[in-house]
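The sequence and structure come first.

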Amino acid sequence: MKRVADDLKIRIRVVGPNTIDLNAFIATVDQVCAQKPAGVSVVGGWAPSLTAAVNRCIERGVPTVVDDGDLIQSKRISYIGTSWTSIGREQAKAMIKALGPKGGKVAFTSIINADNMKEARAAFRAAVEGTNITIVADEDDKGDAATAASVTSSLLAAHPDLAGIAGFDSESGAGIVRALTEAKKVGQIKVTAMEQVPDFIKTIKSGAVEAIMVQKRELMTYYAFKMLYDFKNNGLTVNGLKGFDAVPVPNIVDTGVFVIDKNNVDKVLAALGVK
């Protein structure tokens with residue numbers, strides 16, 4: 001964020017709740033847009049109910065982009081972020097590789113009602129069709145590591161022959177590994193997960209996790225503000241129209257997925273200075 005502010009010589013202000021509080025988040029978007037800033041980046045379109053708030057920004061003439069999770073039905077000018085279909089597909093590929101031809105039973109943990117994670121889970125299911133992998137559970141960990149650990153413990157009890165667990169939010173993996181460690185099943189059950197704190201990457205080295213999906217968050221932040229800046233300043237027209245009449249920036253920017261596994265984990269840890 002500092003980099004894009006310096007590069008474009010703009011001032012960026014960060015506002016919003018410090019916890020997962022959807023109502024407070026919606027209220028913040030409304031309050032900010034009422035102040036008529038040059039643009040707004042809504043970080044994480046993780047609930048359809050945010051759509052109305054984004055639309056109100058546009059109706060006030062405030063260009064608004066969404067990153068990390070798209071609000072497809074909104075009037076946002078651009079979405080910048082990871083394709084959650086790609087996240088689901090990459091997790092499935094890693095799980096298929098880890099389990100081999102024998103396959104086995106696999107469970108999901110995620111923020112179950114988040115649209116982006118619904119998309120990822122659907123992509124995972126589609127990718128394992130025709131293999132010997134069977135999805136036996138789809139559990140809600142509420143984006144909380146302690147809940148993910150509790151859910152995982154319940155999964156182990158309900159499915160003694162569980163072969164793999166895929167975690168789709170940033171807290172899933174930490175909870176899954178905690179539960180497997182307590183059950184002395186690390187390495188016995190294959191795990192794919194999303195990024196968490198840098199230390200979590202060491203779970204690849206220990207064998208607790210097979211692959212970690214990394215969203216290129218730096219790109220999301222940078223290009224979100226770049227889209228807002230370009231909307232105001234690039235001077236481009238579409239068939240002679242400009243601004244909200246024919247938005248002069250890309251509708252979607254897919255920032256891609258970076259997969260950490262045993263092949264590149266040493267390089268990643270060295271780059272992050274994690275020992």
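## Helix packing

Helix α2 (residues 22–34) packs against helix α3 (residues 50–59) at an angle of about 5°, and their axes are 9 Å apart. That angle makes α2 roughly parallel to α3, a label given to angles under 35 degrees. Axes are lines fitted to C-alpha atoms, for helices over the stretch in contact, and angles between N-to-C directions run from 0 to 180 degrees. Helices (H or I, at least four residues) and strands (E, at least two) are DSSP runs, numbered from the N terminus.

From α2, the contact (heavy atoms within 4.5 Å) involves Leu22, Phe25, Ile26, Val29, Asp30 and Cys33, and from α3 Leu50, Ala53, Arg56 and Cys57. By class, the contact of α2 with α3 has eight nonpolar, no polar and two charged residues. Ala, Val, Leu, Ile, Met, Phe, Trp, Tyr, Cys and Pro count as nonpolar, Asp, Glu, Lys and Arg as charged, and the others, Gly among them, as polar.

The model is predicted: local features need pLDDT of at least 70 and side-chain atom pairs pLDDT 80 or more, while totals for chains, interfaces and linings use all residues. Residues are numbered from 1 along each chain as its sequence is written, and side-chain values use heavy atoms, with hydrogens and water left out.

## The sheet

Six strands form an open sheet in the order β5-β4-β6-β7-β8-β10, with mixed pairing; two strands pair if DSSP finds at least two bridges between them. β5 (133–140) and β10 (257–260) stand at the edges, each with a single partner strand, so one side of each has no neighbour in the sheet. The twist averages 20° from one strand to the next.

Strand β4 (residues 104–110) runs parallel to β5, joined by seven bridges. Phe108 has Asp138 in β5 as its bridge partner. Helix α5 (residues 115–127) lies across β4, β5 and β6 (162–167), running at about 170° to β4.

## Aromatic pairs

The whole structure holds five aromatic pairs, counted when ring centres of Phe, Tyr or Trp (its six-membered ring) lie within 6.5 Å; planes over 60 degrees apart count as edge-to-face. Two of these pairs are tabulated.

| Pair | Centre to centre | Angle between planes | Type |
|---|---|---|---|
| Phe108 and Phe168 | 5.2 Å | 90° | edge-to-face |
| Tyr222 and Tyr223 | 5.5 Å | 70° | edge-to-face |

Phe108 lies in strand β4 and Phe168 in the loop between β6 and α7 (172–182), 60 residues apart. Phe108 is buried at 0% relative accessibility, and Phe168 is buried at 0%; buried means under 20% relative accessible area, exposed over 50% and partly exposed in between (1.4 Å probe, protein chains only). Tyr222 is partly exposed at 24%, and Tyr223 is partly exposed at 35%. Ring pairs link Phe108, Phe124 and Phe168 into a cluster.

Key: Angles under 35 degrees count as roughly parallel, over 145 as roughly antiparallel, 65 to 115 as roughly perpendicular and the rest as oblique. Rings of Phe, Tyr and Trp (its six-membered ring) pair if their centres lie within 6.5 Å; planes under 30 degrees apart count as stacked, over 60 as edge-to-face and the rest as tilted.
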